[in-house]
Amino acid sequence: MAKLKDLASMEDRLVPGHGMCLGCGIPLIFKIILRATEDPIIIANATGCLEVCTTIFPRTSWNMTWMHSAFENAASTIAGVEAMYKALKMKGRIPQDKKIKFLGVGGDGATYDIGLQALSGTVERGHDIVYICYDNNAYANTGGQRSSATPLGASASTSPAGTQSPGKLQRRKDLTKILVAHNIPYVAQASPGRWKDLYNKAKKAFEIEGPAFLNVLCVCPTEWKYDESQGVRLLQTALDTCVWPLYEVENGKYKINYKPKEKKPVLEWLKPQGRFRHLFKEENTWVLEKFQKQVDEDWEELNKLALY
Amino acid sequence: MSALKTLNGNQSIAEAVRQIDPDVLAAYPITPSTAIVETIAKFKADGMITGEFVCPESEHSAMSVCIGAASAGGRVMTATASQGLALMWEMLYIAAGLRLPIVAAIVNRSMSAPINIHGDHSDTMGARDSGWIQIYSENCQEAYDNFIQAFRIAEHLDVRTPVLVGLDGFIISHSMEVIQVEDDDEVKKFVGEYMPLYPLLDTSNKMTVGPIDFTDYYFEHKRSQLEGIENSPPVIEAVGKEFGQKFGREYGFFEEYRMDDAELCIVVMSSAAGTCKDAIDELRSEGKKVGLLKPRVFRPFPHKKIAEALKEMKAVAVLDRCSSPGAFGAPLFTEIRSGLYDYAERPRIVNYVYGLGGRDIKVEHFKEVASKLEKIAETGTVEEIYSYINLRE
């Protein structure tokens, strides 16, 4: 494990000057992940906050090789880059000892929704790539529309709370589980609030041969509507309420990386966020209860899976 | 060694692929182009090609893989048809916008609905503004020859624009023909080594590819993207000539058949041009001065050259294997008619849509067109500017 001091002294590959919001979780995530290998990295970035905020022509925040082609295809784009690397290595047109890491990146819209098919195909084919989803629970780049990662009861602009609706009526899709079902070498859930854990998982993902997937919780003060100075505390609350468990599945074997000493009620996660404000009206109590029940059941199931 | 081989259209493309051996081949199977993808897969399984073969979960991903691979810095190809090309549509613009020299074999097929697997040009005509160079083939030999030339055109440093080669679904893709397959080494030599331009894999040269433009840059970038296709005509011409010198079959923007003293002309692309040639021979033996003009390159469209070839005709019939709902006429017709506008003396011109969904077009149909042209030439009037051939109404 690298020391924080050593990591801090590494050259930044995502440099300041980008236009991401105050308190945004994305730069935090990528500053950690991009330090988890010393090899050159090529990124294929899906359309979204990270892409738009870092590459407004003629400026770029990328002190590395980076590419964007469209919204739903970061996985297949990076698969193409990796395929060419393999081909040219085999044909002897690039040196045998040249190491490059291939990284596909997208938000939850690009990954859970529109790009799920391309991601599924890419990992099924076994490309030696890492895919990182920064999951901020919404289409944040376009003003906070619902995605299939938006939690039950959250008010999003296409699932707004109203006099006849308590916000999003459906629970989140469990994307991490879907990736586990692909039987790829490495799948993990992580959070930038636990930087060492995120660093270790990214390092493992880069080192493992074959596809690896990280689902990383990403705070979004703009769409979650909380005090942006409290992002890291909120990330800790996500772990302590078990709303976002940290775990990894390495070659099919589950391991939970963080277990709260005392599991806190989901109310502590929901209360500071404006997107859940309406849930505290009397008529929406049932949503709070349902939310807690689902979190409890998921946590129980995960603990069972981790027994084997 | 150069040899005569009996191959269908799909096999002819596959044979060219084997000889060229691109670095990355990414394709999703769809009728009637499936056999191209299957043959490539078998070549790879038997060690006959060294490139990476990627078999993605959709055509959208196939083109995305091509875009990633071409950006990485190597020679890339794909093959598809119809709905597959339509699913790639978003990525076609990005391939052209990023100036990536990807080559695609498109086995022309109709577009749903209703679903139909047979040949027409609705698929590639729908992609005509995507920025790709489009070359069409009459038969298996031309499909093979065009596909080889496509790499030279796409990869030329003045062009760096993707190229698609069309061949008609089933009519060509599944018809056996004796074709001249050139020597492997000679084909390799003709295509040459790939010259990478700003490859991502050169990680020492850090790059940001595909950033976002706002109103202050987008227009200039879109304008500069056009330079590739604007620079392509002399390249297309030179490559076609060089191919002729080397292999004995020269290519230009279009072919003229018995046009020397023609007064009436039928314009038709791809496989139907073969049938049309037989009709022209019969008409000529009856003493009728009818010729054929067969466009080969549809993008960039050779307006001036075609207008020059047609300007002295008395009447011209343009046959489209595609409709353009709500437009003044089908795509080939509107291009040609527009090209003739600047001439004070110009022929009467009429548009026929034929062969949608693979409907047959026969010698007798071309002869009917010729007799209608005779009438138009005689009276100087076009009664119906847009109509259909071999359609029950």
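Residues are numbered from 1 along each chain as its sequence is written, and chains are lettered from A in the order in which they are written. As the model is predicted, local features need pLDDT of at least 70 and side-chain atom pairs count only at pLDDT 80 or more, while totals for chains, interfaces and linings use all residues.

In chain B, six strands form an open sheet with mixed pairing in the order S10-S12-S11-S14-S15-S16, where strands are DSSP runs (E, at least two residues; helices, H or I, at least four) numbered from the N terminus, and pairing requires at least two DSSP bridges. Strands S10 (254-257) and S16 (386-388) of chain B stand at the edges with a single partner strand each, so one side of each is left without a neighbour in the sheet. Within the sheet, S11 (residues 264-267) and S12 (residues 290-295) of chain B run parallel and are joined by four bridges, with Leu264(B) having Val290(B) as its bridge partner in S12(B).

With contact defined by C-beta atoms, placed from the backbone, within 7 Å, 38 residues of chain B are in contact with 39 residues of chain A. On the side of chain B that touches chain A, H3(B) gives the most, with 10 residues. Across the two chains, strand S2 (residues 65-67) of chain A pairs with S9(B) in the parallel sense over two bridges, and the bridge partner of Met67(A) in S9(B) is Val209(B).

Conventions: Contact = placed C-beta atoms within 7 Å.
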